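Me: Got a model open here and want to talk through the packing. Can we go piece by piece?

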Amino acid sequence: SDDAFDIVSCRIAPHHFPTITSFVSEVSRVLKTGGQFLLDDNVAPEIKEFDEFYNTVEKKRDYSHFRAWKKSEWLQMLENEGFEIQELYRFDKTFDFESWCNRMHLSDTEKTELNEYMLNSSDKIKQKFRIQIENNRITSFQGEAIVLKATKL
């Protein structure tokens, strides 16, 4: 129903939604005026090269990944839908390469291809994502996420 909830929360899922604006619209529709939307999700960096790299890596690992949105995209989508951002916290997320791949049951071939893609990335990308390499194997890298609270006006 319209205006049914005081709070809507969503954790580590919107990067799988192909129609993100429909999702944000639905959050607004079901929230009461003054209701809060709480979001926790991975985000892409603002720089296009870094955004493309991160989303490519995620898509290679997980076919259901659609897009990790930039922080600025979240702000714009929410404000366009009549939300006011109350709080936004950005934090680093370190991914252990092996366990990160294993959660999606990647084959050895898929892991090797992903490893090669990351190994062959530019020095700028390796630095930005804190890509750690041992014996020509990626051991870890760092992404980012946000937690935000927005109020429906």
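Me: What do the buried residues of α1 pack against?

Reply: They pack against β1, β2, α3, β3 and β5. Some ground rules before more. This is a predicted model, where local features need pLDDT of at least 70 and side-chain atom pairs count only at pLDDT 80 or more, while totals for chains, interfaces and linings use all residues. Residues are numbered from 1 along each chain as its sequence is written, and side-chain values use heavy atoms, with hydrogens and water left out.

Me: Which residues of α1 are buried?

Reply: Ile-20, Phe-23, Val-24, Val-27, Ser-28 and Val-30. Buried means under 20% relative accessible area, exposed is over 50%, and partly exposed lies in between (1.4 Å probe, protein chains only).

Me: And the overall layout? How many helices and strands?

Reply: Six helices and five strands in the protein chain. Their order from the N terminus is β-α-β-α-α-β-α-α-α-β-β. Helices (H or I, at least four residues) and strands (E, at least two) are DSSP runs, numbered from the N terminus. The C-alpha trace spans about 55 × 30 × 20 Å along its principal axes.

Me: How much of the chain is buried?

Reply: 44% of the 153 residues.

Me: What share of the contacts comes from residues 24 or more positions apart?

Reply: 74%, counting contacts with a separation of 6 or more. Contact here means heavy atoms within 4.5 Å.

Me: Back to packing. How many residues are in the largest nonpolar core?

Reply: It has 20 residues. Phe-23, Phe-37, Trp-74, Leu-78 and Phe-83 have the most contacts inside it. A nonpolar core is a set of buried Ala, Val, Leu, Ile, Met, Phe, Trp, Tyr and Cys residues joined through side-chain atoms within 4.5 Å.

Me: Take Leu-78. What is it in contact with?

Reply: Val-24, Phe-37, Phe-83, Ile-85, Leu-148 and Ala-150, leaving aside neighbours within four places in sequence.

Me: What lies apart from that core?

Reply: Another core, of 19 residues. Phe-53, Phe-95, Met-118 and Ile-125 are among them.

Me: Now Ile-131. Where is it, and what does it touch?

Reply: Ile-131 is in the loop between α6 (123–128) and β4. Ile-131 counts as buried because its relative accessibility is 9%. Outside four places in sequence, its contacts include Phe-53, Met-118, Ile-125 and Phe-141.

Me: Switching to voids. How many cavities of 30 Å³ or more?

Reply: One. About 50 Å³ of space lies in the largest cavity. On a 1 Å grid over the protein atoms alone, a cavity is a set of points where a 1.4 Å probe fits but cannot get out, and lining residues have an atom within 4 Å of a point. Points are joined across faces, edges and corners, and volume is the space filled by probe spheres set on them.

Me: What lines it?

Reply: Pro-45, Arg-90, Asp-92, Lys-128, Phe-129, Arg-130, Gln-142, Gly-143 and Glu-144 line the largest cavity. By class that lining has two nonpolar, two polar and five charged residues. Ala, Val, Leu, Ile, Met, Phe, Trp, Tyr, Cys and Pro count as nonpolar, Asp, Glu, Lys and Arg as charged, and the others, Gly among them, as polar. β5 supplies the largest share, three residues.

Me: Backbone check. What is the phi of His-105?

Reply: Near 55°, a positive value in a residue other than glycine. His-105 is found in the loop between α4 (97–102) and α5 (108–119). His-105 counts as exposed because its relative accessibility is 70%. Ile-12 also has a positive phi, about 50°, and is not a glycine. Ile-12 is in the loop between β1 and α1.

Definitions and conventions: 1 Å grid on protein atoms, 1.4 Å probe; cavity = no way out; pocket = protein on both sides within 12 Å on 5 of 7 lines; lining within 4 Å.
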